[in-house]
Amino acid sequence: MLNKENTQKRFWEIIQVHYEKECYTDALKDACLYMIQLVQEKSDTENMDGEKLITNVFSETKPKLLINANQTITEKDIQRGFGMILRGIICAIRNPISHKRDVEFTKEEADSILMFLNSYIIPKLDDSKDFGYVENWYEYIFVDGEEDSESYSKTLLDCIPKKEKKDLMIHIIENLEDIEQNKFTFFINELFQSLIKKDQDDLIKLLNKNIINTKSITYLLSFLNHFPKNIWKRLNDLARARIQEKVKKEIKNGQIISCSFNTSENTIGILGIEASSWLSLFSNQEEIYEILFDKLESSDSEAKYAITNFPFHLQLFEKYADRLINGLKSGNKYYHKIVGCEIPFLDSNSKVLQKIKSVYNAFEENDVKC
C-alpha cells in the first residue's frame, strides 16, 4: 500500500486525496498529469501535451531534456527507452483514463504503476537537464570568453533555458565591472530584451541600487558600454543623477597625454568618452558642453580630448555661436577644425550660421593656440 512514508513528498500530495478515497484510477490520472506538467516545466514546452509533448521533448535528434550525458551507446539507449516508456504511459494509461469513463484500474495495478512512477520516472525527470545544459552560464559565457556578434548572441541565447535567463542577468549586473569591455554588448542587450517586463523591472531596481552605491568608475563604464540606451528613462532619478555627475567630473578632468615620442597616448577621462553617445539623454548636457568648449580654449591635451571624442554637431552651432565666432576670431585651430567638419552644411538661411561661415573663411590661426 502506498503512503506518505514510502513515496516522495510532492508525489504523495498529488495522489493522496483520490488514493485514500480508494479512487485508484483517478489517482493514476493525477500522477500522469503531474508527470506531464513536470516534463513541460523542465523543457519550457507548456504549449504541448500528451504523446506529441513526449515525442518532441525526447526526440532522438534534438532532445530538449536529457536524463544522462547521452554520449555512449548505452546512454543513448537509456535516453531513447525512457522516452518510449513515457509515451507508453501516455498511450496505455493517461489517454484511456481521460477518454473513456469505463476504464478502471485495480488497486494492485494502480499500486504497481504508481510506485514505478514514484521510484523511477519522477526522480529521473527531477534530475533531467536541458539539452546543452551548462552548470553556470555566467562563467561559461564571461569567463571562457565567447565571441560577441548579433547572430552569435541570438544563437547562444536560444540555448539558455528560459527560467535561467533572469538569474544570468542578475549575475551580470552584480559583476559588471569584471566583464570585458566592448565584447558582450550584443549578448547583454539581447538577453535583457528577451525578458518579460516584470523581470526587466526587477533588474532595473537592482541596477538602480548598484549604480547609486558603486564607488567604481569601471562599473559605470561597463553599464554604459553594455546596456541599450532605451534603458535610461527606466532608471530612477538618483541613479541617472549619479551617472551624469560622474561623467561630468570625468570630462572636466579628461585629457590626452602623449607618453613619449614613440609610444601610444594615455587618456584620462575614459568614462566621459564612453558616455559621449549618451549625452543627448543627459539633463546636464548643457553643463557638459560648456566644459568641452572650455577645453578647446585650454591646453592641447584637453582640447584634443574634447575634439577627438565628442560630437560638436551642427545643432550646437546656433546655441554656442558666440563661442564659435570668438574662438575663430582668436585664431583657435580647434574651433576652426570643428566648424570645418560641418562647413558643407552651413549653407542655410540662418544668419547665425552664415556669420560663423564668414568668420571661418576669414580665419587666421593664432600662433599662441598652435
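**Figure 1. The largest nonpolar core.** The largest nonpolar core of this predicted model has 72 residues. A nonpolar core is a set of buried Ala, Val, Leu, Ile, Met, Phe, Trp, Tyr and Cys residues joined through side-chain atoms within 4.5 Å. Buried means under 20% relative accessible area, exposed means over 50%, and partly exposed lies in between (1.4 Å probe, protein chains only). Leu207 and Phe223 have the most contacts inside this core. Helix α14 gives the largest share, 6 residues. Helices (H or I, at least four residues) are DSSP runs, numbered from the N terminus. A second, separate core has 36 residues, and Tyr24, Met35, Ile67 and Ile90 are among them.

The model is predicted, so local features need pLDDT of at least 70 and side-chain atom pairs count only at pLDDT 80 or more, while totals for chains, interfaces and linings use all residues. Residues are numbered from 1 along each chain as its sequence is written, and side-chain values use heavy atoms, with hydrogens and water left out.

**Figure 2. Leu207 and its neighbours.** Which residues does Leu207 touch, not counting residues up to four places away in sequence? They are Ile173, Leu176, Tyr219, Phe223, Phe227, Ile231 and Leu235. Contact means heavy atoms within 4.5 Å.

**Figure 3. Helix α12 beside helix α14.** Helix α12 covers residues 237-253, and helix α14 covers residues 285-296. Their axes come within 9 Å and cross at roughly 5°. This makes α12 roughly parallel to α14. Axes are lines fitted to C-alpha atoms, for helices over the stretch in contact, and angles run from 0 to 180 degrees between N-to-C directions. Angles under 35 degrees count as roughly parallel, over 145 as roughly antiparallel, 65 to 115 as roughly perpendicular and the rest as oblique. On the α12 side, the contact is made by Val247, Lys248, Ile251, Lys252 and Asn253. On the α14 side, Glu287, Ile288, Ile291, Leu292 and Lys295 take part. The residues of this contact divide into 5 nonpolar, 1 polar and 4 charged. Here Ala, Val, Leu, Ile, Met, Phe, Trp, Tyr, Cys and Pro count as nonpolar, Asp, Glu, Lys and Arg as charged, and the others, Gly among them, as polar.

Figure 4. A search of the whole structure finds 16 aromatic pairs. Rings of Phe, Tyr and Trp (its six-membered ring) pair if their centres lie within 6.5 Å; planes under 30 degrees apart count as stacked, over 60 as edge-to-face and the rest as tilted. Tyr289 and Phe312 form an edge-to-face pair, 6.0 Å centre to centre with 80° between the planes. Tyr289 lies in helix α14 and Phe312 in the loop between α15 (300-309) and α16 (321-329), so the pair ties together parts that are 23 residues apart in sequence. Both Tyr289 and Phe312 are buried. The rings of Phe293 and Tyr335 have centres 6.1 Å apart and planes at 20°, so this pair is stacked. Phe293 lies in helix α14 and Tyr335 in helix α17 (residues 333-342), so the pair joins parts that are 42 residues apart in sequence. Phe293 counts as buried at 1% relative accessibility, and Tyr335 counts as buried at 0%.

**Figure 5. A cluster of rings.** Which residues are linked into a cluster by ring pairs? They are Phe192, Phe223, Phe227, Trp232, Trp278 and Phe282.

**Figure 6. Ala239 in helix α12.** Ala239 sits in helix α12. Is Ala239 buried or exposed? Ala239 counts as buried, at 0% relative accessibility. Leaving out residues up to four places away in sequence, Ala239 touches Asn208, Ile211 and Ile212. Ala239 and Asn213 are 26 residues apart in sequence and 9.1 Å apart in space, C-alpha to C-alpha.

**Figure 7. The two ends of helix α2.** Glu22 is found in the loop between α1 (9-20) and α2. Its phi is near 65°, a positive value in a residue other than glycine. Glu22 counts as exposed, at 58% relative accessibility. Thr25 lies in helix α2 (residues 24-43). Thr25 is buried, with a relative accessible area of 7%. Thr25 touches Ile97, Val103, Glu104 and Phe105, not counting residues up to four places away in sequence. Asp44 is found in the loop between α2 and α3 (50-57). Phi of Asp44 is near 55°, again positive in a residue other than glycine. Asp44 is partly exposed, with a relative accessible area of 28%.
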